[in-house]
Amino acid sequence: MVPSGGEALLSVRRAAKFYGGKLVFKDVSCEVRPGEILLVAGPNGAGKSTLMRMMAGLSRPSAGEVILRAEPERTAYLGHATFIYPGMTALANLGFWGTMYGLSPSRDELVTLLTRVGLERAAEEKAGSFSRGMAQRLNLARVYMVRPTLLFLDEPGTGLDPRSLALLRREITGFRDHGTGVVWISHHVDKDTALADTVLALGGRRVEYFGPAREYAPEAEAC
Amino acid sequence: MMVKILAAAAAVALLAHQYMIWFYAPVAQSGPVQKIFYMHLPCSWWALASFFVVFVSSLLYLFRRDPAYDRAAGAAAELGVLFATLSLITGSVWARAEWGHWWVWDPKLTTSLIMWYVYAGYLVLRSTPMGRERKALVCAVLGIVAFLDVPLVFFAAKLWGSAHPDGVARESSGMAPRMWHTIFTGLAAFGLVWGAMLLTRVRQLATLARLEAMLVWDEEA
Amino acid sequence: MLKRSAAMAAKDLRLSISGGQGLVQAVLLGLLLIFLFSLSKPLGGVITPQAAGAIFWLASAFGLVLVFNDLFAIEEANGARVGILSSPAPVHAVWVGKGLAGLCLLLVSQLVFLPATAAFLGQNVYGPWWLLLATLIGADIGLVVIGALLGALSQGQAARESLLSVIVFPLLLPVLLAGITLFAMCFSPEPMGEPDSWLGLILAFDALFAGAGLFLFPFVYSGEE
């Protein structure tokens with residue numbers, strides 16, 4: 001199931017985004033290939049989330065282009081928002097997303113997924129009673145169900161305790177090792193750079209750095 | 001420059017229009033109060049024209065995503081509400097003088113009132129805080145829906161009026177040629193005023209957008 | 001597409017009935033309105049069929065706004081909108097799904113309003129039931145088509161119920177006038193007028209705004225902030 005060769009799943013070419021007349025960023029170009037983690041860094045307000053929404057096809061670039069080659073059925077989005085309906089059980093939540101992705105999973109498949117994230121005992125519980133960590137694990141189960149070839153991560157670690165955070169990091173590298181291309185906005189750039197393959201740093205309304213992760217020096221971002 | 005020429009032409013045309021109202025057009029059967037009609041009619045026409053501009057600009061915005069169309073729609077909607085307000089006030093005063101009621105159920109009058117409500121709501125929506133891109137999209141959608149509604153509202157008001165005897169049928173009593181001349185002059189004069197105001201407002205909004213673009217805040221966008 | 005719309009509608013109905021406030025509020029507010037308007041009945045007099053029709057449709061219009069505000073708020077609580085938009089599901093599935101759910105909820109609340117109109121406003125159905133039913137369904141579709149399109153305005157808390165009603169009510173005027181007139185015909189013991197052109201108006205409204213909604217919904221319901 002790993003896409004063959006190095007064809008990019010996602011290419012951004014000289015993209016710019018304006019809000020009204022206000023420039024958020026311009027001349028952003030990057031690519032994401034299968035089995036590669038692209039870490040998006042930059043200070044608050046640099047337009048990281050805007051860039052990701054654009055990459056995911058949720059918002060149009062004002063100039064330039066975004067080419068998505070990953071099938072929509074195999075693209076997943078994992079953010080700090082959990083996408084969970086508090087009034088429904090964990091099973092119902094997962095089932096709904098399955099239908100949205102055109103998968104129509106059986107009950108057994110759903111239970112297997114919940115077991116994988118350690119929520120099998122809470123399967124019939126209303127998701128509204130879940131802790132932040134449990135909610136994010138349910139969210140993760142949705143991503144497993146999609147088996148993404150392209151995964152967008154928008155600060156998924158927000159509000160998680162250190163243990164869940166470590167688990168999340170393991171899962172992210174796990175996806176990468178199975179050939180998933182990952183775009184990742186992280187709060188903990190210093191730590192997470194070690195896991196990434198490439199880094200795209202936004203700042204001053206343009207790209208400050210785009211290149212291999214090991215050569216990226218986050219100190220430069222401070223000024 | 002363009003605005004100045006338009007404004008100067010509008011001033012001349014308005015003076016000519018006033019002269020024609022008071023000295024050229026004959027006094028109608030109902031007396032001099034009928035002269036308010038010469039100001040009422042252009043207001044309603046240009047209000048409708050404004051709403052049509054909102055509609056076209058909104059469509060263009062959805063296809064081209066150029067903020068200039070969004071600004072044009074905003075400016076036209078403001079003017080449309082202004083002219084519709086004037087048309088409603090003059091219409092109401094006229095109805096009071098002619099039929100003794102401040103408000104009569106007339107399809108045209110009712111349609112104006114409803115459109116006034118719709119576009120006043122549109123202006124409120126324009127001034128609610130939300131992201132720029134999204135606001136432009138949402139306003140464009142409302143601009144289109146609102147204009148599509150106009151013929152339906154008119155038809156409904158007409159049907160309603162025909163079923164309810166309290167509606168007063170306005171007959172188009174015979175109008176003298178001089179009255180027609182005055183009407184057309186009025187349409188042209190108010191059109192020039194409208195054009196000058198629209199252009200000014202569009203430019204103001206463009207300047208505002210440029211200024212805002214220069215002010216850069218480092219906030220999460 | 002249909003399967004997804006159905007899933008969306010089923011989920012929304014489930015959430016609205018178990019713990020959503022929209023439906024309860026809509027029913028309560030409508031009942032309250034009908035009761036309050038019954039106070040306008042003159043001593044020893046009656047409320048005219050037309051006034052009763054107007055009160056019924058006013059209650060329905062308020063219910064519509066509350067119902068759709070709630071339906072779209074469901075997607076905002078935990079950012080699920082982004083999930084839906086980034087999923088392969090066509091955005092029209094949301095429009096159809098929300099529309100279906102909204103139609104069901106509106107009909108449920110009207111099932112309460114109708115007997116309340118009979119009780120508090122002293123109305124009887126003299127006219128043909130098919131006309132009452134056709135008006136109810138036809139006008140409701142019109143209300144729902146607009147509600148599902150513009151209810152998305154409340155996304156991100158930008159436009160609240162109050163603004164939504166200010167925008168939606170005048171737009172709904174044609175279909176409300178039709179509903180009021182046709183209900184007046186049904187409530188009135190006198191021989192009926194001609195319902196055809198009013199039914200035609202409802203049909204035209206439904207068709208026009210169903211088409212417009214189909215074209216416009218993706219612009220209102222988007223990932224743009």
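**View 1. The two domains of chain A in the predicted model.** Chain A is divided into domain 1 (1-70 + 148-223) and domain 2 (85-147), with bounds that come from an automatic or database domain assignment. This is a predicted model, in which local features need pLDDT of at least 70 and side-chain atom pairs count only at pLDDT 80 or more, while totals for chains, interfaces and linings use all residues. Residues are numbered from 1 along each chain as its sequence is written, and chains are lettered from A, with ligands numbered from 1, in the order in which they are written. Taken over C-alpha atoms, the centres of domain 1 of chain A and domain 2 of chain A are separated by 26 Å.

**View 2. Where the domains of chain A touch.** Eight residues of domain 1 of chain A are in contact with seven residues of domain 2 of chain A, contact meaning that the C-beta atoms of two residues, placed from the backbone, lie within 7 Å. The side of domain 1 of chain A that touches domain 2 of chain A has four nonpolar, two polar and two charged residues; here Ala, Val, Leu, Ile, Met, Phe, Trp, Tyr, Cys and Pro count as nonpolar, Asp, Glu, Lys and Arg as charged, and the others, Gly among them, as polar.

**View 3. The contact between chain A and chain C.** This contact takes 22 residues from chain A and 23 residues from chain C. On the side of chain A that touches chain C, β5 (75-79) and α2 (90-100) of chain A each supply at least two residues, helices (H or I, at least four residues) and strands (E, at least two) being DSSP runs numbered from the N terminus. The residues of that side of chain A divide into 13 nonpolar, seven polar and two charged.
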